Amino acid sequence: MDKAKSMVDKKGASGPFHVNNGQSQKVFHSHVMVATNGSCCSSSSSNAFGSSTVPSGSGTFENMHHLHRGDDAECNGSPAKRCRLRRRTESVRKHRPPFPWFGMDIGGTLVKLVYFEPVDITAEEEQEEVENLKSIRRYLTSNVAYGKTGVRDVHLELRNLTMCGRTGNLHFIRFPTQAMPRFIQMGRDKNFSSLHTTLCATGGGAYKFENEFRMMADLELLKLDELDCLIRGLLFVDRVGFNGHPECYYFQNPSDTQSCVKKPCTLDNPFPMLLVNIGSGVSILAVYSENNYKRVTGTSLGGGTFLGLCCLLTGCETFEEALEMASKGDSTNVDKLVKDIYGGDYERFGLQGSAVASSFGHMMSKEKRDSISKEDLARATLVTITNNIGSIARMCAVNEKIERVVFVGNFLRINTVSTKLLAYAMDYWSKGQLRALFLEHEGYFGAVGALMELLKTTEDP
Amino acid sequence: MKYQCRRRVDKEDEMTCLIKGCNFVLKNIPHEAFVYAKHADSEFRFQTTNPDIFPYLLVNIGSGVSIVKVESEDKFERIGGSSIGGGTFWGLGALLTKTKRFDELLQLASKGQHASVDMLVKDIYGGSYGYLGLTGDLIASSFGKSATADKDFSKEDMAKSLLHMISNDIGQLACLYAKLHNLSRVYFGGFFIRGHPVTMHTITYSINFFTKGEVQALFLRHEGYLGTIGAFLKGAEEDNPNQYSWGENYAGSSGLMSVSPDMNPMQRARSGTFPFDMLEMDRLERQLVNLPLLQDPSSYIPDTVDLTEDALAREYWLYCFEEALDGVVKRAVASQPDMPEAALRAEKFRQKYRHKLQTLRQQPFAYGSLTVRSLLDTREHCLNEFNFPDPYSKIKQRENDIALKYYQKAVKSLDELSWEEKQFALVRGVLAGNVFDWGAKAVSDVLESDPEFGFEEAKRQLEERPWLVDSYDQWLERLKGPPHKCALFFVDNSGVDIILGVMPFVRELLSRGTEVVLASNSGPALNDVTNGELQILTERIAAMDPVIEAGLREDRLLLVQSGSSSPCLDLSRLDKVLAMVVRERQTDLVIIEGMGRAIHTNYYAMLSCESLKMAVIKNSWLADRLGGKLFSVVFKYEVPAGKPNKDCGAFSPS
């Protein structure tokens, strides 16, 4: 109880702070300090939930859970586990965990995997490196596609990054959550467990697939909270930048389709920000510092809804297909606009004639249903979901008194229709008060955050 | 261009009318708003009317959603909205399920399982997301499974998923706006809601989830009429709305006509409205207000039993009213012997009222809450509608004439008694007089078969003390103390009741130095004495009785209309003049007489001064239920807690 109290006190004392490379050391240092107190539990999550709507008790419980896990490994570990533990202890002496370094975010629809490929391997190291570690590295870095559905987003690769004293490239890989059993099978076939690495995983799948990892591949997952990881990963990638370019961007002139243009920017002073994570569903967080945030609300109308409805309405099968169709469609054939009802603007209430009055409203008529194209339906679905998220995000921003709204999540991948629409909606409805910001690595921050946890837990004291 | 402008103006008027209508029903119609609770004992929990209705949020769900903040009669603002509304449910639902009609879509939805289409938290986590308190059954992504699962989904499941998606979304937005504008009252309306329990349920659920119970989703019985009522009122704008009130005619309500989407879907019009919708309102040329002596006006409920909750009582009373219908029709015809078409009209009355009773048997909520009062009032309304405004007028006259002949004799015999005997005889007189009642079936049978049924006979029929409810001893003790400043007496029947029962009692009060306000109905109901009739009667009694004469002359006996035309009594809807008199005279005693006013209504009414409720149970079923028998007596004298008798005279006007 005392510990929890002191953590809350600590949080209370720390206001929003500026993050740059120089200070990031300090941040890491402070974590280490806490860790030496004998608890890996006092990670950022506990601070965050000190101020969250969740009773602090449940946060504490969750921390206990982590603590427990460590005990298990020590008390009744198998020889293999004990060996792994020894390796880990050794690596702590060497200030870093053993390779390979992975961070994983298992979402409802997609699994996001980040892999750190060291490029500063010494000859001695090369010699010591076990064969299957080499083969994993070669397999991941020499391919851009894995199986039928795995993809490496080459354009997102972060090159010559220094993490934990090692230099390397950070690779971004994704595959459908449906392929998870096959992935676990692969981990078993490649004898992943012999590498004695800790697999840091976040997202709901870290919980859902925990047993399968253990049973099928003899792998223990280090389960991490997805919102903690999201924020930590986001702030990290923003800090290191995108290969010399800013990670963040916005749209200039969002209300004018002709002159609307994407502009890079920096998140110099990121707090407070409203973070809107659009995955299968949507979570909206108010973030006041790296360790202080709350989940404001969420909506079930997210990327999964867009894809799900598109599949049902058009018979398409993939997100790319759905977006491709949407890019060619015209939603005004599907949606009823204000001018369809009022003949023009609805001035008294400040509604433009071009505003949507009823999504899918034209589809109440049978003739229109019979003559509508799949492209139009896909576009209407995209616009409906996007506008709704924009509307809820805007309300939350006003309620929380936050002007900066950051949109992330894989729904925004290759989806300029939505990013522009969100930028427009924030600007228009707030009369320029709110600014929508986007990040290049849209959906990967949770996975990055998970990787950072791996590097953090083994930091030198 | 001109055409467009014209339409725009019309649309603007539409919103104004909607709000006007909404304000109107919230202010004037008892039990207009209700909370929907699917699994509770009573599906609909009605809210008591409160004149203080502002500010509130109106969420109108038509094809899109408009969210309007209403701050006063004239001040409202559309603060937001959403394009995901009823049109989205209908349009998208039609595409997904190939089902054309809105009602059919709702029917499909009511049978479906959304979990086969939606991605739930447990589908992602394998359980709950305990960290954030998100339960496993929560929807993480609407339609999330249809993107990945390689299978066909049933129409029912998709419709259900769509309904959840849209209801939750609207509920969430409504909550966000309510929070932003700090409003706790949120009313939902529009064709998406109208009378559809499925949508009311999902919206209610969503609001509870997003506000953790801080905001209640409220629905309106006459939701479908708001625009029309508003337009009508707008037309009558030159009138000052503060000069009059309205009474509901219990014709029907758009919000509750059908309790199940399965019920007669074919009867409904395409748009999801009902062909038999009806709202009848009577404009009362009076302003109606609370009795200033109600202990807590906000919690006052006139009716003793809510028949929507009490199935046994409902069955009995519906049966009872149906049984009595023949007699009512007969008397209605007899009251207009010179009109040949009276029989035809009476027959139409019979059909209409019987139809209403039948509707109520199947849908107890059809007219909001169901009470003995609403059944009685509905009958009066129907009689009026078929031009039988006062079927008892001749009977009342005849009985008054007979009773007046006995008045002096009755007073004289009372005056011969000792003080204590006299007090008891006066109370027995009021009670015996109250036996004479055409409204009660047991009595009307006797009255009809034996017109010579006399006052003395009635006294013999009365239960001996101790009565079923008996606080006579306390009353007698009180009478030994100082006189009351002013008594307000709600009277009941004509004839023996008012003349031989009430008037001698009033005479005694006057003699003690207590001022008396006699409150009687503004319009006819059964054989109840109306204010107009009472004026004439009192004049005639004053001619024989110097005490009454002096009372009238010295302005110590006042005759004031109650504002009601019901055999029952709603103390929250009384004539403004009456309320004023009550305040001015510093009334410290309220007497309520008769079954309709003191048993069916107001039995539990708490007043801030002394009160006396007197009635004879003239219905064996009710007597049985209350643990008594036919002609059992209720004599309920109450003094409010913390108010010593002596201070009663010091009631200060507010």
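This is a predicted model: local features need pLDDT of at least 70, side-chain atom pairs count only at pLDDT 80 or more; totals for chains, interfaces and linings use all residues.

A: Two residues are said to be in contact when heavy atoms of theirs lie within 4.5 Å.

Apart from its neighbours within four places in sequence, B:Y177 is in contact with residues of chain B, namely B:L57, B:I67, B:I79, B:G80 and B:G81, and with A:R394 and A:M395 of chain A. With regard to the partners in chain A, the side chain of B:Y177 makes a polar contact with the side chain of A:R394, at 3.3 Å. B:Y177 counts as buried because its relative accessibility is 3%, and the cut-off for buried is under 20%.

The view may now be widened to the whole interface. Chain A brings 66 residues to the contact, and chain B brings 53 residues. The size of an interface is often expressed as the accessible area that is lost when the parts come together. For chain A and chain B this buried area is about 5200 Å², and carbon and sulfur atoms give 63% of it.

Specific pairs can also be counted across the interface. There is 1 salt bridge between chain A and chain B. It is formed by B:K179 and A:E400, whose closest N and O atoms are 3.8 Å apart. On the side of chain A that touches chain B, helix 16 (residues 374-400) of chain A gives the most, with 11 residues. Sorted by class, that side of chain A has 28 polar, 25 nonpolar and 13 charged residues.

Finally, chain A itself may be described as the setting for its side of the interface. Its secondary structure consists of 18 helices and 17 strands. Of the 461 residues in chain A, 56% are buried. Among the contacts in chain A with a separation of 6 or more, 69% join residues 24 or more positions apart. Chain A exposes about 19600 Å², and carbon and sulfur atoms supply 51% of that area.

Note on methods:
Residues are numbered from 1 along each chain as its sequence is written. Chains are lettered from A and ligands numbered from 1 in the order in which they are written. Side-chain values use heavy atoms; hydrogens and water are left out. Buried area is the accessible area (1.4 Å probe) that two parts lose on being put together, summed over both. A salt bridge is a side-chain nitrogen of Lys or Arg within 4 Å of a carboxyl oxygen of Asp or Glu. Helices (H or I, at least four residues) and strands (E, at least two) are DSSP runs, numbered from the N terminus. Ala, Val, Leu, Ile, Met, Phe, Trp, Tyr, Cys and Pro count as nonpolar, Asp, Glu, Lys and Arg as charged, and the others, Gly among them, as polar. Buried means under 20% relative accessible area, exposed over 50%, partly exposed in between (1.4 Å probe, protein chains only). Accessible areas come from the Shrake-Rupley method with a 1.4 Å probe; for residues, only the protein chains shown count as cover. A polar contact is a pair of N or O atoms within 3.5 Å; within protein, one must be able to donate a hydrogen and the other to accept it, and residues adjacent in sequence count only if both atoms are side-chain atoms.
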